[in-house]
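Student: Here is a structure that I have not seen before. Please take me through it by question and answer.

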Amino acid sequence: MIKIKPQTRDDIKYRVKWLNDPTVNKYIGDTIGQCTTLKKQEKWFDDYKKVKGKKFFTIYDNDKPIGWMGLSNINIANKNADIFLAIGEDEYRGKGYGKIALLWLIDYAFKKLNLHKINLGVIENNIFAIKLYKSVGFEVEGKMKDEVWHDGIYYNFLSMALFNNE
Ligand SMILES: CC(C)(COP(=O)(O)OP(=O)(O)OC[C@H]1O[C@@H](n2cnc3c(N)ncnc32)[C@H](O)[C@@H]1OP(=O)(O)O)[C@@H](O)C(=O)NCCC(=O)NCCS
């Protein structure tokens, strides 16, 4: 059964493991293909605790952490935020966990934080992620050509958005 809990200091080791998995980090826009360290992620967590515009969560299958997701750049005045999602454990991808977690986070953003719009950025070759985002209502708002360079290839980067139309 899927569970979602606020990210804690104990979860940093999982972030390190998942961010160092090439299947995951080849799609993570701001640090594409780059590895990380425990020290860097501890700093990330310390910074995260100090700011107000971020809310990150760990996704569990029962008691096993399987991924993480969050909102950043939460802008209360404009009522928008950026969303991020990753299933870090290989054997849990493509089994519906991402969709359940994403729907939970959208509900949290719209109902609990009362946001009007959720934005995300995704590399154009991440077809499963784009399929997932479209399936819950995200639409492409813009395309940045050759925005990401990885392993000798330039990739386009898509901006997608979902509105709270309820
Ligand atoms: C993208 C990601 C979050 C999707 O989560 P997930 O749990 O794997 O996806 P789901 O099982 O909920 O499936 C979402 C859709 O994509 C399809 N899909 C996902 N993985 C698939 C795979 N390996 N093969 C075929 N289809 C797949 C599913 O069929 C589903 O479509 P449907 O609703 O029409 O059936 C996850 O694969 C992931 O973390 N990938 C690596 C990191 C990443 O890309 N993060 C996003 C950064 S923008």
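Student: Which element gives the most residues to the shell around the ligand?

Tutor: This is a predicted model, where local features need pLDDT of at least 70, side-chain atom pairs count only at pLDDT 80 or more, and totals for chains, interfaces and linings use all residues. Residues are numbered from 1 along each chain as its sequence is written, and side-chain values use heavy atoms, with hydrogens and water left out. β4 (80-87), α4 (97-112), β5 (117-123) and α5 each supply at least two residues of the shell; helices (H or I, at least four residues) and strands (E, at least two) are DSSP runs, numbered from the N terminus. With five residues, the top contributor is α5.

Student: How many residues surround the ligand?

Tutor: A residue counts as near if one of its heavy atoms lies within 4 Å of the molecule. The closest are Ile-87, Gly-94, Gly-96, Gly-98 and Asn-126, and the number surrounding the ligand is 19.

Student: How far is an oxygen atom of the ligand from a polar backbone atom of Ile-87?

Tutor: A polar contact here is a pair of N or O atoms within 3.5 Å. A nitrogen atom of the ligand is 3.0 Å from a polar backbone atom of Leu-85, and a backbone N or O atom of Lys-99 lies 3.0 Å from a ligand oxygen. For Ile-87, the distance from a polar backbone atom to a ligand oxygen is 2.6 Å.

Student: How do the residues of the shell around the ligand divide into nonpolar, polar and charged?

Tutor: Ala, Val, Leu, Ile, Met, Phe, Trp, Tyr, Cys and Pro count as nonpolar, Asp, Glu, Lys and Arg as charged, and the others, Gly among them, as polar. On that basis the shell has 10 nonpolar, five polar and four charged residues.

Conventions: A polar contact is a pair of N or O atoms within 3.5 Å; within protein, one must be able to donate a hydrogen and the other to accept it, and residues adjacent in sequence count only if both atoms are side-chain atoms.
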